[in-house]
Structure formats: C-alpha cells, structure tokens
Amino acid sequence: MIKRNSFIAFFILLAHSLFAQQLSKTEKRLLETIDKNYQETVALLEETVNINSGTFNLEGVREVGKVFEREFAKIGFQTEWIILPDSLRRAGHFVATRKGKSGKKLFFIGHLDTVFEKDMPFYPFTMIDDNTAKGQGVNDMKGGNVMIFATLKALHELGLLEDKTITVYFTGDEENAGNPSWVSRLDFVERAKQHDYALGYETAQGFNIATVARRGASGWTLKTTGRQLHSSGVFRESVGYGAIYEAARILNAFREELAGEQYLTFNPGQIIGGSDIEYDEISGEGKALGKTNIVARETFVTGDLRFLGEAQKESARERMRKIVSQNLHGTAAEIEFEDGIPSMPPTSGNHALVDILNKVSMDMGFGEVKAGDPGSRGAGDISYVADYLDCIDGLGASGTGAHSPAETINMKEYPDLIKRSTLFVYRLLNM
C-alpha cells in the first residue's frame, strides 16, 4: 500500500510539473502573488459581507462602495460614485477606472447590493469549516467583487496594468433595478461600449462551467373586470363569469399554450381579486374586499416573463395578448408588459472567450471549461451590454443557497478561481 501511494503521489507531482511548464514566468509569479495576498483577500470578503447592503438599504450599499473605493485607490485606480435620480430610490453605482493605449479594453461587472434588507435577520461571514463559509451575499456576489479586486491587485503589483484600459463597474441595484431600468443603466451601458470585452463575476455555476448566455426578464400586469352582482346568478347571460374566473381562464391558458417552450418561462407572482381591490406598486402590498355571495368585480395579477432573445419575448407577448382578448361572457381583460433586463444571447464571440478561459484552465491543470446551458441562468447586469461587446459571465465565486439564509461560498475552490481569473485577465489584456 505504501508503494502504491508513493506511486500515485509521484504522478501527481509529475502532472503538476507538466502543467506548470505551460505557464510563463510572469504567470507563475502572478500565482505566487495571489497566494501572498490571500489572507488579505479573505479579510476583505469578510468586511464587505458584514455590511448589510440590501438594495433598499441605500446607506449600506454606499458603505460597501466606500470599502472598494479605499481598496481600488491603493492600486492606482480612479474612483467615482454614480449618482442616480432621486425618483429611482436607489443608492447609485461604484466605478473604478484606469486608462491606457495598449492591449484589449476590459469591462468588469459586479454588484454591491444583496437581497437581504436591513430589517431581515442578519447573517455575518462565518467559517463553517475549512472548505465552506456562509454569510449574506457571500457568493452573490460579494465573493465575485472581491475576486475582481484580487485579480487586478495581483496584476498591479507586478506592474502589468500599466497603459491598460480597465473599468470596474459595481452597480448598487442589480437585485432590484431602479425603474425605469434604462435610466439606472444608462451610464453603465455607455461606458461598456468603450471596451472590447465584458467580464461578469456573478456566481459560478460550477468550477468548469462558464456563462455565454443569460435569459432576459420582463414584467406583466393583468387586470380583469366583471359585473358585481349576486353570486346566485353567476354564469347566466345577465351576470357572466366575473373577474376571478376570467383571470383563472387566462392564467390557465398561458400554462396550456406556452409552457414547455425552451428557454421561456412566465410566472404569476401575485393575484388579488374581489369586489374591491387596492395595490401599491412600490411596496407590492395588496388588499381585497369580497364576499362569497358576490360575483367578483375586479382582479389584478402581476408576473414575470423570462426569455432568450427579443424574438422569443415578442412572440410570447403576442400569444399572451391573444389569450387575454378571448374573454368569458360578461368580463373584460387587459394585459400590460414592462421591459426589464434584456437577454444575453450565446454569440460566437462569447464562445471564443470561453475558449480562452478553457486554455488557461487546461494550462493550469484545472481541467476543461465548457459553456453552460443558455437557459440555466436568469437575468443579470451583463445582459444590458451584450448587444455591444463580447461577454462572459459566471466567473465569480462558487457556492450554494444564493438569496437564502443558507448562502455559502466554497472556500476550497475560491483561491483557484482567483488564480484562474488572474491568468485569464492577464492573457486578455495582452492579446
């Protein structure tokens, strides 16, 4: 058994030696720098996780931004805070930039906010064991934000960012963008257009999976009305079916006629019905007054629509409008759609970035990286710029339970993800 174990250990060492030969001297020094800085990297992760930055905690979002302002200033970046109109009720965005004339221009994407608001129970950064830590937003996406910084810090310390053009853009409202979103993302998109590649550090789906596509997300509201009369007459010519039956017909027809199409989903998230209803668009709170012996006069439904590509979105909307128009007797209905986050199609340019990442991973001995299923990821900030430059996402931290109290980060994979990110960025900058 001892000889067998020694034999296996010998070949592991040999394999590492062979892979190391695929890396340049500079790349090997970058890996050493990541190791040297790693404890500081983890400390920065803990610091940011321990600041509550729910989207509607504007002070908390800005506080996390100040932490990154402090750190990026140390490595030679110009920093600024993008202020949004008060009507959006959002904190704003953090931006760090360097400008140069050589190599590819890179646009890094992260977000400062989380889904955990200030009035929710607080879950600080906590090491569960040597391989796992937990905390609010630890992988979605403060782990990714810190990866971006650690990557650029290592490159800076070896003088590899000189004369390079880099923008780091951490939005403050990714989890719930200010409405209208095109106002919140106007500066974001205009800056991205000035670069060659967009790199998104949202949660990794797996160590060897990269994101080349993301579905878009839009909203819809359905309103139905009926004749408010005694329930004993429901279904009769003089009474009709009422607003709730009409809403139920429409929702069921959506399910029967549209469900199952690849990449398309639509979900009614809230329904309010009765003789009188109230709905607050800002808080999402609703009230309904009704009685069992009264035919419902009005119903209100809110939902989302997720898609891949504008053609699929528009096709789905047209079919939904047709269903809504086929009213039950004695009822009326209308549906309105609201654009949200566009989709990120799986272009050849995006796949080319995966090829580069795969080469880096193979050279490091980390195995093959493949493009993930285009329908496996929801909407994200990178989708706003996907029409203007080649993109890759899912470069961030790995973990489980995002958006839940059980959210974790895989600390075993974290240093290797940072190392691979650093070599990937180094090669892109020098293409």
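Reader: Where does E285 sit in the chain?
Author: E285 is in the loop between β11 (276-279) and β12 (286-289). Helices and strands here are DSSP runs numbered from the N terminus (helices H or I, at least four residues; strands E, at least two). This is a predicted model, where local features need pLDDT of at least 70 and side-chain atom pairs count only at pLDDT 80 or more, while totals for chains, interfaces and linings use all residues. Residues are numbered from 1 along each chain as its sequence is written, and side-chain values use heavy atoms, with hydrogens and water left out.

Reader: Why is E285 called exposed?
Author: Its relative accessible area is 59%. Exposed means over 50%, buried under 20%, and partly exposed in between (1.4 Å probe, protein chains only). E285, at 59%, is therefore exposed.

Reader: How many helices and strands does the protein chain have?
Author: There are 10 helices and 18 strands. The C-alpha trace spans about 85 × 50 × 40 Å along its principal axes, and buried residues make up 50% of the 431 in the chain.

Reader: What makes K419 and D35 a salt bridge?
Author: Their closest N and O atoms are 2.9 Å apart. The rule asks for a side-chain nitrogen of Lys or Arg within 4 Å of a carboxyl oxygen of Asp or Glu, so this pair qualifies. K419 belongs to helix α10 (residues 414-429) and D35 to helix α2 (residues 25-49), so the pair links distant parts of the chain, 384 residues apart. K419 is buried at 14%, whereas D35 is partly exposed at 45%. By this rule the count comes to 29 salt bridges.

Reader: How do you know that D381 and R185 are buried?
Author: D381 has 4% relative accessibility and R185 has 1%, so each is under the buried cut-off. The two form a salt bridge, with their closest N and O atoms 2.9 Å apart. D381 lies in the loop between β15 and β16 (390-392) and R185 in the loop between α5 and α6 (186-192), so the pair ties together parts that are 196 residues apart in sequence.

Reader: How do you know that R214 and E202 meet in a salt bridge?
Author: The N to O value is 3.3 Å, so the pair passes the same rule. Both residues are buried. Elsewhere, salt bridges that share partners join E310, K313, E314, R317 and D339 into one network.

Reader: What is phi of D163 near, and is D163 buried or partly exposed?
Author: Phi of D163 is near 65°, a positive value in a residue other than glycine. D163 is in the loop between α4 and β6 and, at 40% relative accessibility, counts as partly exposed. H403 also has a positive phi, about 75°, although it is not a glycine. H403 lies in the loop between β17 (399-400) and β18 (408-410).
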